Amino acid sequence: MSLGSAKCIRIAALAAAAIVMGTQIAIAQEPSIGSQWLNTPASRVEALAVLQTLNANLLSNASATLTLDRWCAAHKLAQGSKIVAQRVGGQGKPADEHIRELLAVGPGELIAYRRVRLVCGDRVLSEADNWYVPAKLTAEMNRALNTSDIAFGRAVQALNFTRTNLSARLLWSPLSEGWDMDGLIAHETSSLSLPPFLLEHRAVLKLQDGTPFSALVESYTDKVLDFPVPRLPSQ
């Protein structure tokens with residue numbers, strides 16, 4: 001790699017890393033799942049830029065479901081662009097004191113729990129834990145949530161809700177620790193390995209008057225990057 005190319009890659013990496021300021025990066029365990037992304041400095045920079053773009057889109061929109069609808073369509077992950085929710089049973093998680101505090105409800109008020117996988121075609125893009133207050137929803141919304149696999153954001157879309165993001169963590173970074181001081185290390189051209197989960201968001205959904213009605217933990221999978229990889233001219 002020429003000195004000029006190395007400088008260009010380093011500048012691009014700095015720009016990608018700055019897309020979402022304030023996001024906490026936590027390096028996960030050594031990746032173990034293969035992908036079509038190349039294990040090269042340029043491809044690693046591209047992967048970070050794409051992941052940060054998704055992160056920014058999620059942080060700037062109230063509904064993760066509708067954001068993933070657009071992501072699924074834009075990256076041609078399936079013929080249909082609509083996200084489908086697959087309910088996961090047998091994993092009930094009663095609301096603890098922290099969840100009740102987030103939802104501003106007392107110990108006697110009912111909080112429902114729902115765990116789903118949000119799927120684009122045959123790709124699971126995220127898994128989500130959702131604690132919500134049925135009393136804050138309409139009877140029709142509660143019926144849909146109890147009897148179907150509809151995504152939560154789609155079921156309650158008529159509330160015109162807002163979203164307060166509590167945290168956003170990158171669970172994996174394509175760039176090695178210390179890259180900003182030591183530069184990006186060149187690798188053999190091979191498949192870049194990804195861990196099962198790349199990004200985690202925690203958020204609270206609120207009614208227009210500011211009343212919280214849902215607390216979420218969303219974990220985004222490696223499948224959000226499972227599309228034809230962009231190629232720089234030098235690749």
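The disulfide of Cys-72 and Cys-120 is right-handed, with 60 degrees about the S-S bond. The sulfur atoms of Cys-72 and Cys-120 lie 1.8 Å apart; a disulfide here is a pair of cysteine sulfur atoms within 2.5 Å. Cys-72 belongs to helix α3 (residues 64-74) and Cys-120 to strand β3 (residues 112-120), so the pair ties together parts 48 residues apart in sequence. Helices (H or I, at least four residues) and strands (E, at least two) are DSSP runs numbered from the N terminus. A search of the whole structure finds one disulfide.

The model is predicted: local features need pLDDT of at least 70, side-chain atom pairs count only at pLDDT 80 or more, and totals for chains, interfaces and linings use all residues. Residues are numbered from 1 along each chain as its sequence is written, and side-chain values use heavy atoms, leaving out hydrogens and water.

Cys-72 is buried at 0% relative accessibility. Cys-120 is also buried, at 0%. Buried means under 20% relative accessible area, exposed over 50%, and partly exposed in between (1.4 Å probe, protein chains only).

Thr-65 also sits in helix α3. Its relative accessible area is 5%, so Thr-65 is buried. Thr-65 touches Ile-83, Leu-118, Ala-151, Gly-153 and Arg-154, not counting residues up to four places away in sequence. Contact means heavy atoms within 4.5 Å.

Helix α2 (residues 41-59) has 19 residues. From first C-alpha to last, α2 reaches 27 Å, close to the 27 Å expected at 1.5 Å a residue. The expected span is 1.5 Å times one less than the number of residues. Of the 19 residues of α2, 14 are buried, so this helix is largely enclosed by the rest of the structure.
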